[in-house]
Amino acid sequence: MKKILVADDEMAIRLLYSEELKEEGYEVYLAANGREALEIVDKIPLDLVILDIKMPEMDGIEALRQIKERRPDLPVLLSTAYGEYRQDFATWASDEYLVKSSDLEDLKSVVKRYLKD
Amino acid sequence: MAAERAGFLTQMVEVLTSTVSFGERLNNMVHLLARHLKVDLALYFALDKAREALVLQISSAGPIPAHLRLEFGLGQGLVGETAATRKPRVVHRHQTGVLEANQALGKLHPAFHTLAAFPVADDNFMYGVLLLVDREDRAFTPAERQSVQLACLMLAGTLRQAIVQEEAKKRIAELSVLFEVGKALSSTVELEVLLERIVSTTAKVITARGAALHIQDKATGEARVSSRYGQIPSVCPALPEMLPSPGASGEPPHHEGQAVDADGRTHFCLAVPLTFKGPLTGTLGVYDKLSPAGEFLPFDPENRQLLYTMAGVVVNAIENALTYQQVEDLAERNERMVMNLTTLQEIYRALLTTVQAEKLLDMVLQGLTLEQGLGFDRALVLLVDEATLTLNGAKGARRTPALIKSSLYDALLRPLSQAIPLTDWQIPLRTDQGPLAQAVLMKRPYHWHRAQKAPGLPGPLAQKYAAREFYVVPLIVKDRATGVLMVDNHDSGRPLSTEVLGVLQMFAAQAALVLENARLYSTIEANNRELLLMRERMLESDRLAALSSLASGMAHEIRNPLVSIGGFARRIAKLVEEKSPLRGYVEVIQEEVTRLEKLLREILDFTGENLSYYGDHDLAKLIEDTLVLVQRDLKASKIEVVKDYAELPRLHCDDRQMKQVFYNLFQNALQAMPQGGNLTIRTYPLEKPDGLYEAVAITDTGGGIPLEVLHNIFNPFFSTKDYGTGLGLAIAQRIISRHYGQIEVNNEMGKGVTFIVSLPVAKYCLVKETGQRVVPASALHAPKGGGG
């Protein structure tokens, strides 16, 4: 079972994403900020990470940088309410940049694309 | 005998010391002598003033008729000899030569036999000769002779006393005259009054019927001042023509004359020179000396002497007064200058109240023609056009009579009442084009006078603008002539003085400055308008930036909960039975969230929007397309739509965004008219300073926006109960400004609101480097798709 980490400071989003992704047959790990996310990345052999950008303690961009340092092969999707961070070259390290929407079909199809095998 | 002699001498003393007049005393004495010596005649011959002849003055026979006024030269006859030798002598008819030498006496006493002559003299002076005549051959006794000689001595004493007295009287008279004159002269320094006093005093002291005074310039002969008093006979020459010439035998110069008038009366005149130190010369004259009986008498040397004295005294006084008058003239001139300066200052104060060239021009003309101002009859302003190198008429004005109780300042601010149009005045700036062009080219004022035969206004202007004389003063700013002021006093004919020219030049300097300032200001104003426009745009973009950050902040905050609300709604929807009523509720949640998310995208996506949707669109069609979207709501609210579309060229715009604008405005109107009303949509072309616009006016009947919120309606997130969209208008404004258009609100409280959206027909964009707008030809003519 593919392992996905969802990092978002909003509990409701974490819940929604985990429900939807579990339904798709993934094992879902949850983190409330970048620091927690890194801890999980270090412990668990993850297959994919979904990172929110605006988070307390450590934001998604910093988390992205550190994850890519530790596991350059791990796909990291940025899922954010902000469209404009697309211009921030730090986000270019991510594999995908997605703007959050209540319709999760886009997100799920992207995840599926990365975890095909 | 001795007693008789003593009686005679006593009588003699009585006569001589009596209080009767001197002439009377002399007369009495002569009679006394005749009586005492019992001679036929006692005669007194007086030595004349010239001391050349002895003239019969008194006769014991009574008054002497004119033909018997005998006269003997000094040494001539017994009388003359006695006067010459100062020795008494007695001669008899029969003695040799006596009759011949004294034949003249025969007229008085044809049968005279004895003549006894006694000198009347004292140690110093010879006064005359006493002559005793008798028909008898008489030999006077020594006692008789002694008596007579004593009488003669006493007579001489009396005469001397009389002369001294006369002298003293004259001196006193002269002194009193001088005192009078001095009094008159010192009492005033006003020239006119002084001269009047001089002539009247002169006439009085000389007892003349008239007196006159005339002062003229030595070099030019130009009259300076003159004054007259009393009667001046017209037959006498005028004073300037009586310039005294040096008198005979070294006498001081004077002029003495006489003339007979039509009635046969002889008039006399006497004039002496007034000798000034400076460049002036003058004459003081008197006419017709009056006798106590009112007869006209010639003037005697004493009068002449007195007149000289007077002349000497008055010269200084006149000189002082002239100097004083010059000082006073200067003071007066200063006062006028101060007044002129005050006037100028007042005008300048008014000129500073505006920078509008047209108003200033009027004020300048008012200043020149108002009676309280410089008061010229006509004034024209012509300005240099540097492009055509001509002097063009700006405006003219006629003299305006002073209105009662109106200060210059107030009058200046009133509109010009008597304007002269000068539209056809165009003078090439060449030296052969008359004084106006020359004033500009030489940067010098010009005084044109018809009499000078100098070239006047060129050709047709000269015929139209008739003038005797005029001033042209250049308007000079920073050594550059920007125009001219031209003034004249054509209607009243008042001369133009050099003093006026000075004031005019000062005025011109001010006028030039304010007119130039106005010109600069209008340039600045144009630049300012441009700047303001730019600044508004900048502010707009500032506001948009604020909107952007606020909106994005808000949007992000909203986006997260929306994602969870919407996401869970979808999850619920999947779980709920197809037939369950819950399914519908969940779908509502889902749809609403989707709508909100779409709105968020629209807002957030404005950032960095490209122009890829721009195209050429028909404004009316965009409106119609948008109306379709709100058709149902309009119907539901019973709102009637009134359309008035003008035939307009296509607009270069983003049709989606423009539809958004109209949609938002329609939403606004819908919310304003929940009880129904009219929605009027009008399109029309609009000419603005920077080009042609297409305008859409959307009017509702929703009662208007309260004043206190009116200024806020374009602020993002501002909303009222009546006009509640908040973001709607802000978005509309943002879209419009991205199209370089404007949105305005006409609010009519109690009626409704009109939003006017105006969009430039030409697609113009700000080219950053030059700040100029570029207008593509396609936008002005038949557009052919695409662009941007």
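**Chains A and B: values set against definitions**

Modeller: Read along the sequence, chain A follows the pattern β-α-β-α-β-α-β-β-α, with four helices and five strands in that chain. This is a predicted model, in which local features need pLDDT of at least 70 and side-chain atom pairs count only at pLDDT 80 or more, while totals for chains, interfaces and linings use all residues. Residues are numbered from 1 along each chain as its sequence is written, and chains are lettered from A and ligands numbered from 1 in the order in which they are written.

Colleague: What makes a stretch of chain count as one of the helices or strands?

Modeller: Helices are DSSP runs of H or I with at least four residues, strands are runs of E with at least two, and both are numbered from the N terminus. Counted in this way, chain B has 18 helices and 28 strands.

Colleague: Why is B:Lys478 called exposed?

Modeller: A residue is exposed if 12 or fewer other C-beta atoms, placed from the backbone, lie within 10 Å of its own, buried if there are 20 or more, and partly exposed in between. B:Lys478 has 8 such atoms within 10 Å, and therefore it counts as exposed. This residue lies in the loop between β18 (469–477) and β19 (480–488) of chain B, and it has a positive phi of about 50 degrees although it is not a glycine.

Colleague: What makes B:Lys638 exposed as well?

Modeller: B:Lys638 has 11 other C-beta atoms within 10 Å, so it too is called exposed. Its place is the loop between α14 and β21 (639–644) of chain B, and its phi is also positive, at about 55 degrees, although B:Lys638 is not a glycine.

Colleague: Why are α1(B) and α2(B) called roughly antiparallel?

Modeller: The angle between N-to-C directions runs from 0 to 180 degrees, and the axes are lines fitted to C-alpha atoms, for helices over the stretch in contact. Angles over 145 degrees count as roughly antiparallel, those under 35 as roughly parallel, 65 to 115 as roughly perpendicular, and the rest as oblique. Helix α1 (residues 2–16) and helix α2 (residues 22–37) of chain B pack at about 165 degrees, with their axes 9 Å apart, and α1(B) and α2(B) are therefore roughly antiparallel.

Colleague: Which residues make the contact between α1(B) and α2(B)?

Modeller: Two residues are in contact if their C-beta atoms, placed from the backbone, lie within 7 Å. On α1(B) they are B:Phe8, B:Gln11, B:Met12, B:Val15 and B:Leu16, and on α2(B) they are B:Arg25, B:Asn28, B:Met29, B:Leu32 and B:His36. By class, that contact has six nonpolar, three polar and one charged residues, where Ala, Val, Leu, Ile, Met, Phe, Trp, Tyr, Cys and Pro count as nonpolar, Asp, Glu, Lys and Arg as charged, and the others, Gly among them, as polar.

Colleague: How do you know that α6(B) is roughly antiparallel to α7(B)?

Modeller: The axes of α6 (residues 191–205) and α7 (residues 301–351) of chain B come within 10 Å and cross at roughly 170 degrees, and that angle is why α6(B) is called roughly antiparallel to α7(B). Among the residues in this contact are B:Leu194 and B:Ile198 of α6(B) and B:Met310 and B:Val314 of α7(B). The contact divides into 11 nonpolar, two polar and no charged residues.

Colleague: What makes the span of α15(B) close to the expected one?

Modeller: The expected span of a helix is 1.5 Å times one less than its number of residues. Helix α15(B), residues 655–672, has 18 residues and reaches 25 Å from its first C-alpha to its last, close to the 26 Å expected. Its buried residues include B:Met658, B:Phe662 and B:Phe666, and these three are also among the residues of α15(B) that meet α14(B).

Colleague: Which elements give two or more residues to the side of chain B that touches chain A?

Modeller: In that interface 16 residues of chain B are in contact with 13 residues of chain A. The elements are α12 (498–575) and α13 (581–605) of chain B, and α12(B) gives the largest share, 12 residues. By class, this side of chain B has six nonpolar, six polar and four charged residues.
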